[in-house]
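Have the model open as you read.

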Amino acid sequence: MENHKVYVGIDIGTTATKAVCFDKSGKVIHEYSKEYPMYHPESNQSIQKPKEVLEAVLYCIQEITMEHQPEFISFSSAMQSVLLIDELGNPLTDAIIWADNRAHDLAEALKVSAKGSSFYKNTGIPIHTFSPMTKIAWLKEYEEKLFSKAFKFISLKEYVWHQLTGEYAIDSSMASGTGIMNIHNLEWDIDILKFLGLHSNQLSKIVKPTHNCKGLNDDWLYIIGGGDGALANLGTGAMEPGKVALTIGTSGAVRLPIDKPFIDSQMRTQCYHLIDNQYLTLGAVSNGAIVLQWLKESILKTEDSFETLFEQAVNITAGSDGLLFVPYLLGERAPIWDASAKGTLLGINIIHTQAHFIRATMEGILFGLLNILEILVPDKKIREQHTIMASGGFAKSDFWLQMTADIFQMEVRIAQTVEASAWGAVLIGFKSKEIEVLPMTSNGKVFVPNNKHKLIYEQSFTKFKRVYPLLKELE
């Protein structure tokens with residue numbers, strides 16, 4: 001019967017893969033996940049092992065399909081990774097992921113050139129070490145033997161897709177994040193291919209997110225889906241005017257739906273394609289919950305859960321008694337696009353405790369995201385009329401969500417499911433199979449700004465925005 005049909009969204013994240021089984025209304029029936037590490041062989045390197053990610057995906061598919069018989073399996077994935085493969089589809093390298101900064105010097109030089117400006121106008125992706133374009137340019141410059149041996153340059157998602165289906169394909173959503181796809185015609189950009197010394201057949205074929213095929217070694221119907229950021233907008237219902245999608249997982253992002261490509265005159269924002277005439281203008285930060293993980297493991301050295309740490313922070317007043325954290329531990333993407341940026345703790349004094357550091361870290365992550373939204377929606381009165389649709393791991397914390405409402409001075413709503421990217425992948429699957437989508441429902445959780453905190457957060461945020469430019473002058 002129709003009511004018993006289930007649908008699976010696979011979300012290939014930076015630290016784990018999740019398989020989420022939904023019913024047609026978006027209710028989570030079952031969920032499996034498997035974690036894997038991010039490696040840092042050197043301070044400016046962030047990599048993952050393709051086979052570890054593949055094993056996690058296969059495990060999640062196996063576990064979820066032992067319990068359920070899904071109508072299809074659709075994919076979401078973290079964006080901006082690249083690995084080199086040989087003609088047999090075997091990795092020649094580890095996957096260089098978005099957080100890797102080895103191409104910093106190359107990206108900085110290209111960013112200020114006429115060529116870099118032209119590339120941004122064509123792709124909507126700022127020239128920065130996070131993009132596969134700059135990573136491939138670095139490999140060409142410094143790993144010439146590897147570069148010349150490569151049969152194809154693909155992402156982790158494309159590697160998984162090829163292992164499952166035998167196809168080399170990339171959806172337009174993922175392709176729009178590479179810095180190589182022309183956002184205006186949704187094709188690989190000829191000028192950038194020439195710059196990289198690549199032929200288009202060394203990249204995967206760009207397909208629609210609704211593209212589907214049967215598995216090589218199983219009977220499941222696989223749907224290629226999209227990138228996690230674009231699908232989070234779709235999954236939260238933030239694809240209409242007046243809605244802002246805010247996601248905090250390992251990293252974080254603020255995204256607004258638009259109906260045509262947007263190019264920022266100062267190269268501060270990104271532009272992604274989702275499907276048809278649906279695009280997103282956005283800014284992504286490198287420093288999301290990974291900063292809290294660093295605080296927990298490297299500084300506090302505690303095995304306490306994040307929930308326990310948050311319980312300590314809730315008793316600290318808004319603004320953390322003057323303690324301000326600019327959390328640029330991994331450099332930063334939007335809006336400063338500086339891979340060499342450093343984190344800064346400002347205003348430490350004798351009264352500050354562990355709980356202060358926890359709260360200041362949470363506030364600093366949110367200040368970084370508000371810094372982006374100010375660019376996307378400059379008019380404060382208009383901005384505060386928008387509603388934030390929250391998703392990602394942080395959406396499981398009422399404390400952090402209320403803090404978001406207070407700092408942004410905007411209403412915050414919980415998405416239908418906090419697994420918004422996986423649900424967005426399923427919604428793409430519905431479109432692919434022409435299945436009618438039920439109206440979205442809300443779980444009723446709404447967080448309204450506390451005006452008592454407005455002034456102190458405005459003051460803290462003003463100070464936050466001044467710290468990076470001042471420290472940059474000291475370098």
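## A sheet and its helices

In this predicted model, helix H12 (residues 354–376) lies across strand E15 (243–248), E16 and E18, and runs at about 140° to E18. Here contact means heavy atoms within 4.5 Å. Axes are lines fitted to C-alpha atoms, for helices over the stretch in contact, with angles from 0 to 180 degrees between N-to-C directions. Helices (H or I, at least four residues) and strands (E, at least two) are DSSP runs, numbered from the N terminus.

The sheet itself is open, with seven strands in the order E17-E18-E16-E15-E21-E22-E23 and mixed pairing; two strands pair if DSSP finds at least two bridges between them. Strands E17 (270–275) and E23 (446–447) are at the edges with a single partner strand each, so one side of each has no neighbour in the sheet. Seven bridges join the antiparallel strands E16 (residues 252–258) and E18 (residues 278–285), and Val254 stands opposite Gly283 in E18.

Now for the helix pair. The axes of H10 (residues 289–299) and H12 come within 9 Å and cross at roughly 160°. The two helices are therefore roughly antiparallel, a term for angles over 145 degrees.

| Helix | Residues in the H10–H12 contact |
|---|---|
| H10 | Val291, Leu292, Leu295 |
| H12 | Phe357, Ile358, Thr361, Met362, Ile365 |

The residues of this contact divide into seven nonpolar, one polar and no charged. Ala, Val, Leu, Ile, Met, Phe, Trp, Tyr, Cys and Pro count as nonpolar, Asp, Glu, Lys and Arg as charged, and the others, Gly among them, as polar.

Residues are numbered from 1 along each chain as its sequence is written, and side-chain values use heavy atoms, leaving out hydrogens and water. As this is a predicted model, local features need pLDDT of at least 70 and side-chain atom pairs count only at pLDDT 80 or more, while totals for chains, interfaces and linings use all residues.

Definitions and conventions. Angles under 35 degrees count as roughly parallel, over 145 as roughly antiparallel, 65 to 115 as roughly perpendicular and the rest as oblique.
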